[in-house]
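Thanks for coming. I have one structure to go through today, and I will take the ligand before the chain contacts. Please have a look at it on the screen.

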Amino acid sequence: MPKDVPHVSDISIAMLTDDPYPCFDRVRDRASAVWVDSARLNLVTRFDDIMEIERNHHIFASTNPQSLMNTVMGHSLMRKDDEAHQIERKAIEPSFRPGVVKQHFAPIFSVIVDELLDGIAAKGQADLFDAFAAPMASHALIELLGLDGVGWQDLARWSQALMDGVGNYGADPDIANRAKDASDAVDRVIDKALPRHLKSKNPTILSSMAHAPTLHGINQIRANVKVIIGGGLNEPRDAILTSLHGLLSHPDQLAAVRADPSLHSAVFEEAVRWVSPIGMYPRRVTCDTTLGETPLKEGDQLGICVGAANRDPSRFTRPNDFDIHRPRQQHLAFGAGPHFCAGTWVARQMVGEIAVPRLLRRLKGLRLDSQKTVQVRGWVFRGPTSLPVLWDA
Amino acid sequence: MVKLTFVQADGTEHQVDATLGLSVMQVALSQGVPGISAECNGSAACATCHVYFDASVFDLLPAVQTHEDDMLDFAASDRNPGSRLSCQVQVTEAIAGTRIQLPDLQ
Ligand code: HEM
Ligand code: FES
């Protein structure tokens, strides 16, 4: 006989934000889905269960009438299923193809990285969050989208405001207002850039949307641009910082990549496994079903914890260790199934092939600043919030 | 149902009954054939469902679209003239009895 979904009331949001992994371990040991009071979700933490969910998107849907994301950003492809999702996914695909990224966007990313490094190389010290990773990811996203006259701080601020709005379960009016302002600002920059892209087709995301095989309405374009601004900035930023944090705290592995740069792709994959930038994303149960031994009811809200699955001891040996020499193996940092990250190849090249290798080559003797501490925070989204380093200037 | 044979990089063979209309990737996964990862479960976004068809069969398949073509260049094992993403190829009568070679890395 299946049992009910177990409840846990002694895991707080503060515990999850500080270090989610011990909480994930408890939940994973307990059952396939566990209701966590503070998160107000049934958390799913086992690798195989998440694969099962991703292979059955009719039972575990992304469409969600209650989603705050729809209120804040409009109804984007991330909260659609089946054909409605496919139409919008196909529309953006041309900008995200690995060959397009490599030929068109990689040279642009390289220039961005080198300019940022020119600006800090003589200093000998920096917090790489503000001095490198955040501006890198923001400049890159401006180029990918095809926006004109937008500063990197603007985009970073809008991204944060939108994401805060999506997480505003307490209905705080200030957060809601800031999200609305950001949303309006994004609409204005889309309106400004769109005529140029309509006139001449090019590899940017706005152009791909403007020339979609199935004509898009302005609201579809707006919602999808916002979801990409919300989800395409923090993740590569955090992946850059986590890669560097992993390497700098494991000097033997740093020496290994310096000696053999072909290891950089393994560094990237291991970094996003070790501390997955998106730790949790939602799904909704569409009919009564069971997951493993756990019965679920129509309407149940699930929190798919890929950050936990990526440390599932049944899949990964010594899962809490950062180890770039692990055997090549599937992880879930980009999800799986129909919503598998559209930006996977962008992130691989931006972070794994360009930002991290170029920074290590340029900043000789790079090391953690032992006088300061590295902060890592978050569970829905997780990454270093500061990475103070020194190098030989 | 038609028969398909998957040939592993080491030569091991798995003959399976494939349901018409499923993708070749879905057939391999549902029948427990190893050698296909399919990390994106058929979204044509991961290139970890790469397989090789014989030239004679390749020509019977619907043409490779731009997106798949781009993605195949980034598969972990080298592309050859018979390369396809198995999630983009449907089981039809036309490929009954085919031998499908798997790469050594996905
Ligand atoms: C290391 C960096 C990144 C990670 C770890 C990551 C992770 C993810 C994950 C887990 C999902 C699935 C969410 C779900 O199923 O609900 C996703 C979806 C998505 N990601 Fe990423 N992402 C990254 C970078 C990017 C970048 C740079 C972009 C765009 C420039 C991007 C665009 C998207 C889009 C558009 C979707 C929605 C796809 C759909 O609904 O079909 N991502 N990402
Ligand atoms: S399963 Fe990912 S490309 Fe085919």
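Let me begin with what lines the ligand. The shell around ligand 1 is made up of 17 nonpolar, 6 polar and 3 charged residues. Before I go further, please keep in mind that this is a predicted model.

In total, 26 residues surround ligand 1. The closest of them are His85(A), Arg89(A), Arg283(A), His339(A) and Cys341(A).

Now some of these one by one. Which protein atom is a donor to the iron atom of ligand 1? The SG atom of Cys341(A) is the only protein donor, and its distance to the iron is 2.3 Å. As for where to find Cys341(A) in the fold, look at the loop of chain A between helix H15 (306–309) and helix H16 (344–362).

Next, the oxygen atoms of the ligand. The side chain of His339(A) has an N or O atom 2.6 Å from an oxygen atom of ligand 1. For Arg89(A), an N or O atom of the side chain is 2.8 Å from an oxygen atom of the ligand. Arg283(A) also has a polar side-chain atom 2.8 Å from an oxygen atom of ligand 1.

Several elements of chain A give two or more residues to this shell: helix H5 (82–96), helix H7 (128–145), helix H11 (218–231), helix H12 (234–248) and strand E6 (281–285).

That is the ligand. Let me move on to the two chains.

How many residues of each chain are in contact with the other? On chain B there are 17, and they are in contact with 19 residues of chain A. Between them the two chains bury about 1,500 Å², with 54% of that on carbon and sulfur atoms. Three residues, Glu39(B), Asn41(B) and Phe74(B), supply 37% of the area that chain B buries against chain A, which is more than any other three residues.

What holds for polar pairs here? The rule finds 8 residue pairs in polar contact across the interface of chain B and chain A, while the count of salt bridges across this interface is 0.

On the side of chain B that touches chain A, helix H3 (residues 66–72) gives the most, with 4 residues. By type, the residues on this side divide into 9 nonpolar, 6 polar and 2 charged.

That is what I have for today.

Methods
Residues numbered from 1 in each chain as written. Chains lettered and ligands numbered in written order. Predicted model: local features only at pLDDT ≥ 70, side-chain atom pairs only at ≥ 80, totals over all residues. Heavy atoms only, no water. Near = heavy atom within 4 Å. Polar contact = N/O pair within 3.5 Å; in protein donor to acceptor, adjacent residues only side chain to side chain. Nonpolar A, V, L, I, M, F, W, Y, C, P; charged D, E, K, R; others polar. Contact = heavy atoms within 4.5 Å. Buried area = accessible area lost by both parts, 1.4 Å probe. Salt bridge = Lys/Arg side-chain N within 4 Å of Asp/Glu carboxyl O. Donors = N, O, S within 2.8 Å, 3.2 Å for Na, K, Ca; no water.
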